[in-house]
Amino acid sequence: MHKQTITTSTNQYDVIVGNGIIDKIDEFLPKEYHNILIITDTIVNDLYSDSVKKNLPSSAHISVSVVPAGEASKSIDQYYRLLTAAIEHQLDRQSLIIALGGGMIGDLAGFVAATYMRGIHFIQIPTTILAHDSSVGGKVAINHPEGKNLIGNFYPPVAVIYDTDTLISLPDKEKRSGYAEVVKHGFISDQDFLHDVLQTDITSQLHAAKLIDHLQKGIAVKANVVEKDEKESNIRKFLNFGHTLGHAIESELGYGKITHGEAVAIGMLFAIQVSEKTYDITLPYHPLKNWLEKNGYPLNIPSLQVERLVERMKKDKKSENATVQMVLLKGIGEPITENITDQALSNLLENFLRELGS
Ligand SMILES: O=C(O)C(=O)C[C@@H](O)[C@H](O)[C@H](O)COP(=O)(O)O
């Protein structure tokens with residue numbers, strides 16, 4: 001078991017990573033809770049809700065609310081439904097919400113916890129690789145049809161309990177989604193880490209020890225950034241590498257049509273190509289593209305239109321005065337933010353999508 005404590009200017013919580021630790025949840029709860037609402041999705045509910053319930057204190061009143069699996073559930077309708085469930089189950093300010101699932105559940109349940117009675121405790125029990133990113137750092141949100149995570153807050157959990165036994169049997173699509181964020185953490189931090197990830201076959205031959213090593217390194221990269229800039233005034237924007245285009249693709253296609261990580265993967269390729277052109281440098285564009293292709297990431301999305309994507313990128317949270325801001329790289333481990341005019345962006349994107357065959 002590995003414990004990393006996240007300390008920001010306003011709070012502190014532990015991220016506990018280990019195998020079989022769902023069976024020890026009660027050891028990691030920061031206090032006694034009498035009323036607990038587990039929020040999960042249809043797939044994870046069948047797999048893990050009973051184990052989680054069994055390992056919570058028997059004195060607590062425990063209820064479970066289930067939303068349909070998939071990004072489309074990060075919606076105002078499901079958010080409202082869950083608030084109604086919290087009221088019906090009589091949660092009060094001493095109650096606990098447990099987010100049991102992947103990034104969608106963590107963001108949605110976290111936003112419910114952040115806003116119910118102006119904020120009650122929540123813990124994250126991630127069950128996907130993607131959630132090594134989303135469960136740490138306190139970003140909680142729901143989507144608007146016009147843009148990803150446009151409605152949200154910074155609201156950290158009181159603990160993250162990450163049972164790695166839940167990960168190795170994930171479907172390949174989920175592995176791809178999560179590993180895009182692992183690759184991202186490599187690109188913004190460290191050549192050796194990146195190199196190792198790009199050597200890893202994540203579908204047929206992903207070994208537990210390798211996965212856990214990558215997750216711990218990714219969490220450490222994220223923790224280091226979040227501890228210095230929790231509210232994203234400056235360096236936290238670097239964690240958005242690949243997301244400016246990635247989020248635009250997700251909202252343009254309709255949430256859940258491709259996974260978050262698959263969209264971010266395309267966004268990272270674009271950011272690397274823009275970086276190479278902007279700074280006249282060479283970065284591992286082709287090694288990344290080869291790795292993505294080898295692991296089955298969809299790179300050719302026929303319906304994407306440049307002007308529509310540019311309009312969506314302008315709604316990104318990093319934009320100022322409707323000018324798109326992208327995270328670029330001056331080298332591996334050297335992220336930087338850059339404002340890009342609409343015209344330049346259109347030209348770059350046109351060329352990029354043509355090359356990808358979209
Ligand atoms: O934690 C962050 O900061 C990130 O940007 C990490 C992203 O990988 C993550 O997908 C995040 O939820 C996106 O946040 P957003 O603020 O760009 O919506």
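In which strand is Val15 found? Val15 is found in strand E2, and the views below, all drawn from a predicted model, include its surroundings.

**View 1. The two domains of the protein chain.**
In this predicted model, the protein chain is divided into domain 1, residues 2–166, and domain 2, residues 174–356. The centres of the two domains, taken over C-alpha atoms, are separated by 26 Å. Domain 1 brings 28 residues to the contact, and domain 2 brings 28 residues. On the side of domain 1 that touches domain 2, at least two residues each are supplied by strand E1 (2–7), strand E2 (12–18), helix H5 (131–134) and strand E8 (147–154). The largest share of this side comes from E1, with 4 residues. By residue class, the side of domain 1 that touches domain 2 holds 8 nonpolar, 15 polar and 5 charged residues.

**View 2. Val15 and its contacts.**
Strand E2 contains Val15, and strand E2 (12–18) is among the elements that supply at least two residues to the side of domain 1 touching domain 2. Val15 counts as buried because it has 25 C-beta neighbours inside 10 Å, the threshold for burial being 20 or more. Apart from residues up to four places away in sequence, Val15 touches Gln4, Ile6, Val136, Val160, Tyr162 and Ile219. Val15 and Val158 are 143 residues apart in sequence, and their C-alpha atoms are 9.3 Å apart in space.

**View 3. The shell around the ligand.**
The ligand is surrounded by 13 residues, of which Gly137, Lys139, Asn149, Leu239 and Asn240 are the closest. H5 and E8 are the elements that give two or more residues to this shell. Helix H5 (131–134) and strand E8 (147–154) also each supply at least two residues of the side of domain 1 that touches domain 2. The shell divides into 1 nonpolar, 5 polar and 7 charged residues. Because domain 1 (2–166) and domain 2 (174–356) both give residues to the shell, the ligand lies between them.

An unreviewed UniProt entry carries the annotation "domain: 3-dehydroquinate synthase N-terminal" for residues 66–176. This span is 32% helix and 30% strand, and its end C-alpha atoms lie 25 Å apart. Helix H6 covers residues 172–189. At 1.5 Å a residue, the 18 residues of H6 should span 26 Å, and the 25 Å between its end C-alpha atoms agrees with this expectation. H6 is mostly covered, as 15 of its 18 residues are buried.

The annotation "domain: 3-dehydroquinate synthase C-terminal", from an unreviewed UniProt entry, covers residues 178–319.

**View 4. Ala72 in the loop between E4 and H3.**
Ala72 lies in the loop that joins strand E4 (61–67) to helix H3 (76–88). With 16 C-beta neighbours inside 10 Å, Ala72 counts as partly exposed. Leaving aside neighbours within four places in sequence, Ala72 is in contact with Tyr255 and Gly256. The C-alpha atom of Ala72 is separated by 8.1 Å from that of Gly254, which is 182 residues away along the chain.

**View 5. The annotated binding site.**
The "binding site" annotation of an unreviewed UniProt entry covers Glu181, His243 and His260. These residues span 80 residues in sequence, yet no two of their C-alpha atoms are more than 10.0 Å apart, so they gather at one spot. His243 is placed in helix H9, residues 243–253, whereas His260 is found in helix H10, residues 260–279. His243 counts as buried, with 26 C-beta neighbours inside 10 Å. His260 is likewise buried, with 26 other C-beta atoms within 10 Å. Not counting residues up to four places away in sequence, His243 touches Val264 and Gly267. On that basis, His260 touches Glu71, Gly103, Leu130, Ser177 and Glu250.

Conventions
Residues are numbered from 1 along each chain as its sequence is written. This is a predicted model: local features need pLDDT of at least 70, side-chain atom pairs count only at pLDDT 80 or more; totals for chains, interfaces and linings use all residues. Domain bounds come from an automatic or database domain assignment. Two residues are in contact if their C-beta atoms, placed from the backbone, lie within 7 Å. Ala, Val, Leu, Ile, Met, Phe, Trp, Tyr, Cys and Pro count as nonpolar, Asp, Glu, Lys and Arg as charged, and the others, Gly among them, as polar. UniProt positions are given in the numbering used here, feature names are shortened, and annotations may be inferred rather than shown by experiment. The expected span of a helix is 1.5 Å times one less than its number of residues. A residue is buried if 20 or more other C-beta atoms lie within 10 Å of its own, exposed if 12 or fewer, and partly exposed in between; C-beta atoms are placed from the backbone. A residue is near a molecule or strand if its C-beta atom, placed from the backbone, lies within 6 Å of it.
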